[in-house]
Amino acid sequence: MATSSSQMASPTPVAHSRTVRRRPFVARNARLLLVWGLLAVLLAVYVREAPQFRPREQRTLANSGMTLAMAGVGQTLVVLTGGIDLSLGPMVSLTNSIASEVTDPNAPGGNMPLAAVLAVLVGASGGLINGALVAYGRLQPIIVTLATASVWTGIALYIRPDPGGYIPPGFSEALTGTAFQEPAALPLGLTWDRPVAKSFVLLAGLVVFWLVFRRTRLATRIFAVGSSEGAAYMSGVDVARAKLLAYTIAGVAAALAGLFQSAQTATGNALAGNAITLNSIAAVVLGGASLAGGAGSYLGTVAGAYVIALIPSVLFFYDVSPFYQQLFQGSILLVAVSLGALGIFRVRNRLERL
Amino acid sequence: MPLLEATGIEKRFGGVVALHAAGFACAAGEIHALLGENGAGKSTMVKVLCGVHQPDAGVVALRDRAVAFRHPSEAAAVGIVPVFQELSLIPDLSVAQNLLIGVEPRTRLGLVDGRRMVRQAETLLADLGFGGIDPRAVVRDLPLAERQIVEIAKAVGREPNVLILDEATSALTQRQVGQVFSVVRRLRDEGVAIVFISHRMEEVRALCDKATVFRDGTDVGTVEVRAASNAEIVQMMIGRALREVYPPRPPLPQPPEPLLEVRELSLGGSLRGISLTLHAGEILGLSGLEGQGQGDLLLSLFGVYTGVAGQVRLRGERISLGSPRAAMAAGLALVPEDRKTQGLILPLPVGENITLATLDKVSHQGIVSSAAEARATGVMRDQLAIRTAGMEVPVRFLSGGNQQKVAIAKWLLTRAKVYLLYDPTRGIDVGAKQEIYALMRSLAEQGCGVLFFSTDLTEIVGLCDRALVMYEGGIARELTGASLTEANLVQAAVGVADSVPDPVLTVPVA
């Protein structure tokens, strides 16, 4: 009796008497919540103010941010390593130009499969060149990618001096159209009867890609390199390889964005993607990533991309002159970044705040 | 047979010899301390052992087989795992990710198995007696002590043959140290060879079987810790001849005039209630092993930190610690630790570096007058004997000693009353050192006060009127006159209080 009661009295070792806890959910995800909140507000305004919201409007909305969202995958990874990629926009233009040139109205499938494979290979090679120069050449990312940006633009202009070329309409429909126009049967006996813009399906794919990628060893290494290159090196991380792969994936992401842009515009243009460069950096920063590297998430970037895409439409509904778009876009970026920088006041050493 | 043995290790950095014919051996199941002053070569030795540095000559042998590592991961692969004071944790990753980086558990699909990773990390931490740390917490949010524990856990989790602890317990509380020690003893009993570096002599006594003493880059002897007295060990650590390169010390003006009075200065965990008085005409040394708060004290006085508690008076007037600008205006000058990043602007010409802190004195209405600049810099060049091909030469082309003179000249022009010097002679040649010593003395003779942090004990003994020994963020000991000796400095620096410490706030030197 005595034994059993003493057994009852002695509790199992308390595994959860934490003295050092992780920060609460809201604190950990403050930047993500901020950008998603901003996006939610803009979406609400968009849906309320738009004259109507049919599949067509949904499609326009979804497509408007898609190129940026795709390229944003690349910019996120590069920024996470502590770098920056100024050549993403020109790579979008270059792959768009290549696609519009390789296609052929008389070939089966319009030669689009060949064009797509070629675009992805070009994107990967371009990213590999950036990555090799940064990781092994030890050059600064901003200079390397500024230079390659010019090179990509030059090649794009050589391939497609004037806008034009051919993009098969089927390809455009496949990427930018509307899915589930007819009720469709899903597994487990469910049906789906609401039209969904195909861009949203692609977007879901990107998010799933991120959630899976986040759990690879490569992702951990990329975060580690950006957070503290020295500590990563001391932990046996191959720093150069992590950077090389980040830039290479960024090139592929830009190529996919170039293909989407081809589908969306149904034409080729050697300069049309160039705005993507700075907008992708803005999207990444809006999404809460640190330009110093090591902290950030594609889940933020994707919201940032759509915030940037939505601002012109929302301003349009309020009859704001397009001349002020840049002003608003810049102001929103400044406010978001300032809110995100509040944490700096926790730092005690003024030298480290600089 | 020793498990790990280093023999005849040579290592030079530029012209500086860090290790010369150095070595020691550690057997399996032994805890071996490395002892020595700052710059004696302990840390360089450890970095050679674990592949951070490659020796210029000499052999590292593991189980009697010579090994050479190009990268820390190669040393880790054969079981030599270090824990450094400068942390090797990645701030933005979680505790679990840090503990298992490179050996993450994976699912069948090859993805990192987050849940299993957290469980493994949890087990590892609990096994070491630190189950209170949430493996999902981000390292950046951890207090310093817990980061150090994670660092130790990371090393132990690699199941090392040789575990190297380089000041790995410096931020821990006594209880945490006790827990870490019991883990270390358990590893020893399992046959791990442990190399232990600490600035706390009591820790060495409590934990270590043997100790090898380093001095001037070479090993000068190995002792059984239990059989050796503190006095013997301290005697082995010092023993350099005092070079006669220091200017004579004139008596302080009487009565002594307090210039800078610091009362109860505290900063987070790194400074604890520092009180000191610096007198006009005095060179006051700050000593102790590196990282005991000396640097933070100087930086706090110069307004670099926020959250500093306490009072500072200059000639009786309270001064603000709000920013370096405010400190300058009050009459303070700081020659910082790293002259290449904080002291100088390397690509700028010598002249512009010298006038950077006093631009308003050499300019009229915002335009820098080149005549005034030339006059000011010319005076400094002559006074400090700065050797340069010209004032327009970028300062990075100057030798280390002349660079340091430029960094000091910048502050002389401000006509500061108090000079805070952060190890100003580190890495410069003997001739330039002597010139800087003479300059410090002449500043003192002009009635300025010099607060001088040096990692070189002979400088403190040879140059200073008085010295404060810092230990773990506080002032452990004040030494003046005949008691200002290397032996006393070392004793106080390693936390050995053989004699009763003098009261910290003492009367000025007689």
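How many residues has helix 13 of chain A, and how far does helix 13 reach from its first C-alpha to its last?

## Helix 13 of chain A

Helix 13 of chain A, residues 239-265, has 27 residues and reaches 39 Å from its first C-alpha to its last. That is close to the 39 Å expected at 1.5 Å a residue; the expected span is 1.5 Å times one less than the number of residues. Helices (H or I, at least four residues) and strands (E, at least two) are DSSP runs, numbered from the N terminus. Of the 27 residues of this helix, 20 are buried, so the rest of the structure largely encloses it. Buried means under 20% relative accessible area, exposed over 50%, and partly exposed in between (1.4 Å probe, protein chains only). Just after helix 13 of chain A, Ala266(A) takes a positive phi of about 55 degrees.

## Basis of the model

This is a predicted model: local features need pLDDT of at least 70, side-chain atom pairs count only at pLDDT 80 or more, and totals for chains, interfaces and linings use all residues. Residues are numbered from 1 along each chain as its sequence is written, chains are lettered from A and ligands numbered from 1 in the order in which they are written, and side-chain values use heavy atoms, with hydrogens and water left out.

## Chain A overall

Chain A comes to 17 helices and four strands. Its C-alpha atoms fill a box of roughly 90 × 55 × 45 Å along the principal axes. Of its 354 residues, 45% count as buried. Take the contacts in chain A (heavy atoms within 4.5 Å) with a separation of 6 or more: residues 24 or more positions apart account for 77% of them.

## The interface of chains A and B

The contact takes 49 residues from chain B and 36 residues from chain A. About 3,300 Å² is buried between the two chains, and carbon and sulfur atoms give 54% of this. Buried area is the accessible area (1.4 Å probe) that two parts lose on being put together, summed over both. In chain B, Leu111(B), Val112(B) and Thr306(B) lose the most area to chain A, together 15% of what that side buries.

Three salt bridges are counted between chain B and chain A. A salt bridge is a side-chain nitrogen of Lys or Arg within 4 Å of a carboxyl oxygen of Asp or Glu. Glu104(B) and Arg221(A) meet in a salt bridge at 3.7 Å, N to O.

## Salt bridges within the chains

Over all chains the count comes to 24 salt bridges. In chain A, the side chains of Arg160(A) and Glu101(A) meet at 2.6 Å, N to O. This pair links distant parts of the chain, 59 residues apart: Arg160(A) lies in the loop between helix 8 (141-159) and helix 9 (169-176), Glu101(A) in helix 6 (residues 88-102). Arg160(A) is buried at 9% relative accessibility. Glu101(A) is partly exposed at 42%.

In chain B, Glu435(B) forms a salt bridge with Lys405(B), the closest N and O atoms being 2.5 Å apart. Helix 15 (residues 430-445) holds Glu435(B), and helix 14 (residues 400-412) holds Lys405(B), 30 residues apart. Lys405(B) is buried at 3% relative accessibility, whereas Glu435(B) is partly exposed at 29%. Arg188(B), Asp189(B), Asp209(B) and Arg226(B) are linked in a network of salt bridges.

## Positive phi in chain B

Glu159(B) is not a glycine, yet has a positive phi of about 50 degrees. Glu159(B) sits in the loop between helix 5 and strand 7 (162-166), and is exposed at 69% relative accessibility.
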